[in-house]
Amino acid sequence: MAAAVYFSEKFSEDAISRLFERAMADTAGRIGTGDRVAVKVHFGEEGNTRFVSPANLRPLLSCLAKRNADPFLTDANALYRGRRHNATDHLEIARKHGFCALGVPVLIADGERGEEESVIPIAGRIFRKVRIARRIAEARALVVVSHFKGHILFGFGGAIKNLGMGCGSRAGKLEMHSTLKPSVGEGCTHCGRCVEVCPADAILLGEDRAAIDPAKCEGCASCIAACEFDAVEIPWMALASSAVMERTAEYALGAVGGKPCVCVTFVNNITKDCDCMADSELIGRDVGVVASVDPVACEQAAFDLVRERHGNVDIFRKATRVDGTHILGYAESIGLGGRDYELTRL
Ligand code: SF4
Ligand code: SF4
C-alpha cells in the first residue's frame with residue numbers, strides 16, 4: 001500500500017504545523033501524554049548555517065506540547081573530530097546555533113564520548129544487531145527532523161541517513177563506515193591516552209607511536225574520541241559508498257525499532273555537502289517541507305520533488321557523482337518502509 005506523504009511549499013509556522021499534525025495523525029495516537037519523544041536533529045557543525053533552523057522546530061514542539069508529550073532535542077556525537085565529537089562541545093555548538101532556547105531539554109544521545117549505546121537486535125542482511133545512541137533507543141517515540149542536501153558518500157542525505165548514521169553511537173558509526181579497524185598515524189605524541197581508554201587492551205605504546213592490534217580491537221572508537229592530536233585514523237574509504245548506504249539503512253531499522261516515528265524533511269538550502277561541514281555551495285532551489293511516518297517514502301518523495309523542480313535532473317548525482325537512490329531500494333528491501341507513496345499537497 002502506498003504510504004501517505006504530506007508536502008508544503010511553504011516554510012511558515014502554520015504550514016509546518018499543519019504538515020506535522022497530518023503526519024502525527026498517521027501514528028494513530030501512538031504519541032501522547034507523558035511519552036518521551038526524541039526529536040532527532042543536527043545542530044550543525046561550526047561554520048555551517050544551512051542546518052534546519054531552530055525556528056522551524058517551534059511548530060513541531062508546540063504540536064507535541066498539545067499532546068502532553070515530553071520531547072527533547074537530541075543528536076549523537078560525530079565520528080570525526082570537530083565541534084560535535086564530545087557532548088560538552090556538541091552542547092556548546094547547539095547553544096550557539098540557538099537550539100537551547102526552545103524550552104525543551106537538549107541532550108547528546110550517546111554521552112560525553114559516544115560510549116553510551118544500546119544494542120538493538122535487527123533482522124538485517126549485514127547486521128543482526130546495531131549500536132544505537134542510548135537516549136534515542138530508550139525514547140518512546142521519534143521525530144526525525146532532517147535537512148535534505150548532498151553528501152559526498154551518499155549522494156544525498158535526508159531521513160534515512162539521519163536515522164541510521166545520525167542515531168548510531170560512535171562505535172555504530174565506525175561500523176557503518178568501515179570493516180577495517182582504526183590505526184595510529186604520524187601525529188601521535190606518545191601521550192598514552194588511547195591506551196587508558198581502550199577496553200580491549202588493543203593498543204600498545206611502541207617506540208615512536210601507539211599501535212593498534214586489529215585482532216584485539218573491538219571497534220568501539222573510544223581511541224578516536226580520546227586522542228587530542230587527531231592521530232587515530234579512521235579507515236573512511238574501506239567500503240564502497242553503496243556498502244555504507246546499506247549499512248546505514250540497517251542502522252535506521254534499528255533506530256526506529258518499532259517505535260512511532262514521524263519524519264519531517266526540510267528541502268531547502270540544498271548544499272553539495274552535509275551539515276557536518278562548514279557551508280558548501282548551494283546546488284539547487286528550495287522545494288518545501290515533506291512529512292511522513294514512512295522514512296523511505298519521505299525520502300523518495302523529497303528526492304522526486306527535487307528532481308521535478310530541476311527539470312528531471314538528479315542534481316545530487318551531478319554534484320557528487322554518487323547515485324543516492326541505492327539506499328532507497330535497499331531500505332525498502334529490508335522493510336524500513338516503501339518507495340510507493342501518495343503525495344498530499346497542503
Ligand atoms: S592518544 Fe593519540 S597521541 Fe596519544 S598515544 Fe594515542 S594515538 Fe598517540
Ligand atoms: S577502537 Fe576501541 S577497541 Fe579498538 S583500539 Fe580503539 S579503543 Fe581499543
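Which residues come nearest to ligand 1? Keep that in mind as you go through these close-ups of a predicted model.

**View 1. Ligand 1 and the residues around it.** Here's the answer: Cys188, Cys191, Arg193, Cys194 and Cys227 come nearest, out of 15 residues around ligand 1. Sort that shell by class and you get 10 nonpolar, 3 polar and 2 charged residues.

**View 2. Ligand 2 and its own shell.** This time 16 residues surround the ligand. Look for Cys198, Cys217, Cys220, Ser222 and Cys223, which are the closest to ligand 2. The shell around ligand 2 splits into 12 nonpolar, 2 polar and 2 charged residues.

**View 3. Helix H5, residues 159-167.**

**View 4. Ser146 in strand E7.** Strand E7 covers residues 141-147, and Ser146 is part of it. Is Ser146 buried or exposed? It's buried, because 28 other C-beta atoms lie within 10 Å, and 20 or more is enough to count as buried. Leaving out residues up to four places away in sequence, Ser146 touches Gly158, Ala159, Asn162, Cys263 and Thr265.

**View 5. From Ser146 across to Pro199.** Going from C-alpha to C-alpha, Ser146 and Pro199 are 34 Å apart in space. Along the sequence, 53 residues separate Ser146 and Pro199.

Terms used:
Residues numbered from 1 in each chain as written. Chains lettered and ligands numbered in written order. Predicted model: local features only at pLDDT ≥ 70, side-chain atom pairs only at ≥ 80, totals over all residues. Near = placed C-beta within 6 Å. Nonpolar A, V, L, I, M, F, W, Y, C, P; charged D, E, K, R; others polar. Buried ≥ 20, exposed ≤ 12 C-beta atoms within 10 Å, placed from the backbone. Helix = DSSP H or I, 4+ residues; strand = E, 2+ residues; numbered from the N terminus. Contact = placed C-beta atoms within 7 Å.
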